[in-house]
Amino acid sequence: MRRPHIRALALAVAVTTAATGLAGTAVAAPAGQRVTAASVVGAARTAAFAHAGATGVAPGDELHALDVLIDPEGARHVRFARTRLGMPVLGGDLVVHLTERLGYAGVTRAAGHRVAATATASRARLTAGEAERKAAALAEGEAGPAELVVDAREGASALAYRVRVGGSATTEAGGSRTVVVDAVTGEVRSDTPDSDEFLSPHLIDALRERGETVDPETGTAPTTALAATAGGTGRSLFAGKVALTTTRTGAHGYLLKDPTRWGTETRDAGGREPENFARGKKFTSSTDKWGNGTLSSRASAAVDAQYGVAETLDFYKETFGRKGIAGNGKGARAMVHFGDKVANAFWDPACGCMLYGDGDGREIRKPLVVLDVTGHELTHGVVDATAALEPTRVDEDGNQYGEAGSLNESLADIFGSAVEFSAANPKNPPNYLVGEKLGLDQKFLRRLDKPSLDVLEGAVDYWSPAVRDAEVHAGSGVSSHAYYLLAEGSGRKRIGAVTYDSPTVDGLPARGIGRAKAIAVYYRALTRYMVSTTDFHGARTATLKAAKDLYGAGSAEYKAVDRSWAAVDVTAANTPAARH
């Protein structure tokens, strides 16, 4: 993908404080000055307490830096997690924005209210053991230790226990869940899966009711060999024959591990659910040739996975300078053939892995190792490491609801599509469709130009108050549509092999600024101006701030961002009155 033309280079120095430490870490500074990450964090922390009326912090709060971003034009941004009297504050995350001279420039905060001083540990009526037993019974798994937290989400200031439950029978493939139990009333405040599944329970039920299956189109691998740039070649299920950078382990030994991408590796779960990546079986070869393009070789799915992860890492690094999914210079990992008849693919933040099931043989007939699925799921990892957007609620079937969750799904679709454009693989042509190779009757799972054409998930084109509690894949259409309009504009057009016809809520045209500029705006908005509770109106504000940073407040790009949101009925005028 070509880089956008902007006033200053869109890349920034990212310092992941947990991995590198702060004391001696130097970051880029103007005029040869040496500014350490520690000094930036210190200035941001001081500013947060000095401007407590705006930031919402109070005596008894502590701010823990998660990352530091230094923009080329001089601005600094520090993302903080918050604790109160030593207890983590859920929904307490914030980003403090500083000027080049480390002066306070503003804040983006998840909780729009001050956390009540009455949320103290002494008020707990439930014991930790009682909370653990309640969480284990609810999630049908083994509870870890309960941790006292302050739940500041949705306008609350409640004392609660947070419990991670492993091996949950209510989660795909027995994954873990996080249950939050009110420490005073015993009420379950939230129950959410820790992994991000590509296919929702709602979608799988819809496919079952329609008698439809997901049978990805594998196609035929090309007969002409591709020149591998640093090692081997693989015959994939979906992407044709691809070059793979591998690790040589001996005179005639190779490992499916990429040393040029921070040790990114794919392993075989062997139909089991390994507790960690180390328990997966390594893929090895004596010829540095992998897979045969069909399911008869276990390595074929591994080729797709390794290729997809590499392309996604390359996209984020080459486009934004992001080194690894978490921005910490570490590779991504994948396990294929995960579990017994697991009909999904998902990002597991605890493992730092992409996990791919083989399908259930009914609705889902092949491993979901398609490129845009990988780009989508790894983007959930990027979101987890930045804004950490969360759904408002999860129903008893595991379906997620709420605008922050919808925005999370939308960003995963947006950047997953961008990965396809970056890869430019003729066997997997790039487009603004998601899941077009899954073999569905509607020819795609979701699409960005007119989301409502997705009848399986009931996606919407425009915002309305009802979207605030929409299922996240249905609600994702709002920001996906806004992004498409920003990139390509409204109306009928043909891009590559696909014809698009994107409408607007008012029937007036929207003019695009090009995909490169649009994706730059959305990435900057995600990494600097979004927090865990950002909704669609918050996303509008975030993208406008990003466009102002990159192109100026009076620019055509800034005006196009504003118009793209108005075209999906997200405006300053209809911002909900009570937002937290």
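In the predicted model, a search of the whole structure identifies 15 aromatic pairs. A pair of aromatic rings is described by the distance of the centres and the angle of the planes. For Tyr 316 and Phe 415, the ring centres are 5.9 Å apart and the planes meet at 25°, so this pair is stacked. Because Tyr 316 belongs to helix 6 (residues 298-320) and Phe 415 to helix 8 (residues 403-423), the pair ties together parts that are 99 residues apart in sequence. Tyr 316 and Phe 415 are both buried.

An edge-to-face arrangement is found for Tyr 432 and Tyr 484, because their planes stand at 90°, with the ring centres 5.0 Å apart. Tyr 432 is located in the loop between helix 8 and strand 29 (433-434), and Tyr 484 in helix 10 (residues 477-488), so this pair ties together parts that are 52 residues apart in sequence. Tyr 432 has a relative accessible area of 1% and is buried; Tyr 484 is buried as well, with a value of 0%.

Tyr 316 and Phe 415 also belong to an aromatic cluster, which they form together with Phe 315, Phe 320 and Tyr 523. Arg 393 lies over the face of Tyr 401, at 3.9 Å from the ring centre. In the case of Phe 421, the charged end of Arg 515 is placed over the ring, 3.8 Å from its centre.

Strand 26 (residues 353-356) was examined next. In a regular strand the side chains alternate between the two faces of the sheet. Both faces of strand 26 are covered: Cys 353 and Leu 355 on one side, and Met 354 and Tyr 356 on the other, are all buried. Strand 26 pairs with strand 24 (residues 333-336) in the parallel sense, over three bridges, and Met 354 is the bridge partner of Ala 334. With strand 25 (residues 345-348), strand 26 runs antiparallel and is joined by four bridges; here Leu 355 is the bridge partner of Phe 346. Strand 25 and strand 26 form a hairpin with four residues between the strands, in which Gly 352 adopts a positive phi near 70°.

The count of disulfides comes to one. This disulfide is formed by Cys 351 and Cys 353, whose sulfur atoms are 1.8 Å apart. The torsion about the S-S bond of Cys 351 and Cys 353 is about -55°, so the disulfide is left-handed. Cys 351 is buried, with a relative accessible area of 14%, and Cys 353 likewise counts as buried, at 0% relative accessibility.

A further element is an open sheet of three strands, which has the order 16-15-23 and mixed pairing. Strand 16 (241-245) and strand 23 (289-290) are its edge strands, each pairing on one side only. Strand 15 (residues 231-235) and strand 23 run parallel and are joined by two bridges, with Gly 234 opposite Trp 290 of strand 23. Helix 6 packs on this sheet and touches strand 15, strand 16 and strand 23; the direction of helix 6 makes about 70° with that of strand 16.

Methods
Residues numbered from 1 in each chain as written. Predicted model: local features only at pLDDT ≥ 70, side-chain atom pairs only at ≥ 80, totals over all residues. Heavy atoms only, no water. Phe/Tyr/Trp six-rings, centres within 6.5 Å; stacked < 30°, edge-to-face > 60°. Buried < 20%, exposed > 50% of the residue type's maximum accessible area, 1.4 Å probe, protein only. Lys NZ or Arg CZ within 6 Å of the ring centre and 35° of its normal. Pairing = 2+ DSSP bridges. Disulfide = S-S within 2.5 Å. Contact = heavy atoms within 4.5 Å. Axes fitted to C-alpha atoms, helices over the stretch in contact; angles between N-to-C directions.
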